[in-house]
Amino acid sequence: MPYKGYLIDLDGTIYQGKNRIPAGERFIKRLQERGIPYLLVTNNTTRTPEMVQSMLANQFHVETSIETIYTATMATVDYMNDMNRGKTAYVIGETGLKSAIAAAGYVEELENPAYVVVGLDSQVTYEMLAIATLAIQKGALFIGTNPDLNIPTERGLMPGAGALNALLEAATRVKPVFIGKPNAIIMNKSLEVLGIQRSEAVMVGDNYLTDIMAGIQNDIATILVTTGFTRPEEVPTLPIQPDHVLSSLDEWRL
């Protein structure tokens, strides 16, 4: 069936680390030429939407409007506002996450924050993890931006935000509330932004554990492209099969 809108992962699907995936670039261009709505839904919290837009244009030849980008950071801020527990937070993360939370009016608090928010941070230290551990033990709401244990890069699979959250979960015995794919929080908001029903949408991605499970768990059709995290040889053993499996997005007919 023709889908009315596409929810599309970025890293491993449209590009991989610093490397281009030309078929991914062509896929976005084909959607644009056909006027088919799409939303780039990423668990990456290290960049602002403006940074993502610039990176796509300058490094990967993908020109797209800021309105087509929805990050786990944006969904995290929406969730914090909905919880309404106060305006203090301790954040482990990079520019995209910290700047968005600060812009939403949250003030950094080390001792007794209302929230501890943990995203990917390539400069994380033991002291930062210790502060987060103590705050969670005191009752701060523990939010993980996304559960990705690994991120695909040109060097291989590197530790992701989920790995940092797993460490803190082990240290505190408190499970984080995860916002990003495959969780319903980011998927429901993505459908709202795109303006379509879940029965009209399809989730496109390379990671079975996040992208494809986001579709499966939220009643959205799925396209797995084996250009990133999940390898072709793994597909036959997946517990629930994606609706479609591609080796390249060039294979997909709109």
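I started with the open sheet of 6 strands, which reads β5-β4-β1-β13-β14-β15 with parallel pairing. My strands are DSSP runs of E with at least two residues, helices are runs of H or I with at least four, and both are numbered from the N terminus. Two strands pair if DSSP finds at least two bridges between them. At the edges I found β5 (69-71) and β15 (244-246), each with a single partner strand, so one side of each has no neighbour in the sheet. On average, neighbouring strands here are turned by 20 degrees against each other, direction ignored. For angles I used lines fitted to C-alpha atoms (for helices, over the stretch in contact), running from 0 to 180 degrees between N-to-C directions.

Before going on, I noted that this is a predicted model: local features need pLDDT of at least 70, side-chain atom pairs count only at pLDDT 80 or more, and totals for chains, interfaces and linings use all residues. Residues are numbered from 1 along each chain as its sequence is written, and side-chain values use heavy atoms, with hydrogens and water left out.

β14 (residues 221-225) joins β15 through 3 bridges, running parallel, and leucine 224 has valine 245 in β15 as its bridge partner. Helix α8 (residues 208-217) lies across β13 (201-205) and β14, at about 160 degrees to β14; contact means heavy atoms within 4.5 Å.

Then I looked up the other open sheet: 5 strands, β7-β6-β8-β9-β12, with parallel pairing. Its edge strands, β7 (107-108) and β12 (177-178), each pair on one side only. β6 (residues 88-92) pairs with β7 over 2 bridges in the parallel sense, and threonine 88 sits opposite valine 107. Helix α4 (residues 95-103) lies across β6 and β8, at about 170 degrees to β6. Helix α3 (residues 72-83) lies across β6, β8 (115-118), β9 (141-144) and β12, at about 160 degrees to β9.

I also checked a hairpin: β10 and β11, with 2 residues between them. The strands, 150-153 and 156-159, run antiparallel and share 4 bridges; proline 152 partners leucine 157.

Last, the domains. The automatic or database assignment gives domain 1 (3-42 + 180-249) and domain 2 (85-176). I looked for salt bridges (Lys or Arg side-chain nitrogen within 4 Å of an Asp or Glu carboxyl oxygen) between the domains and got 0.
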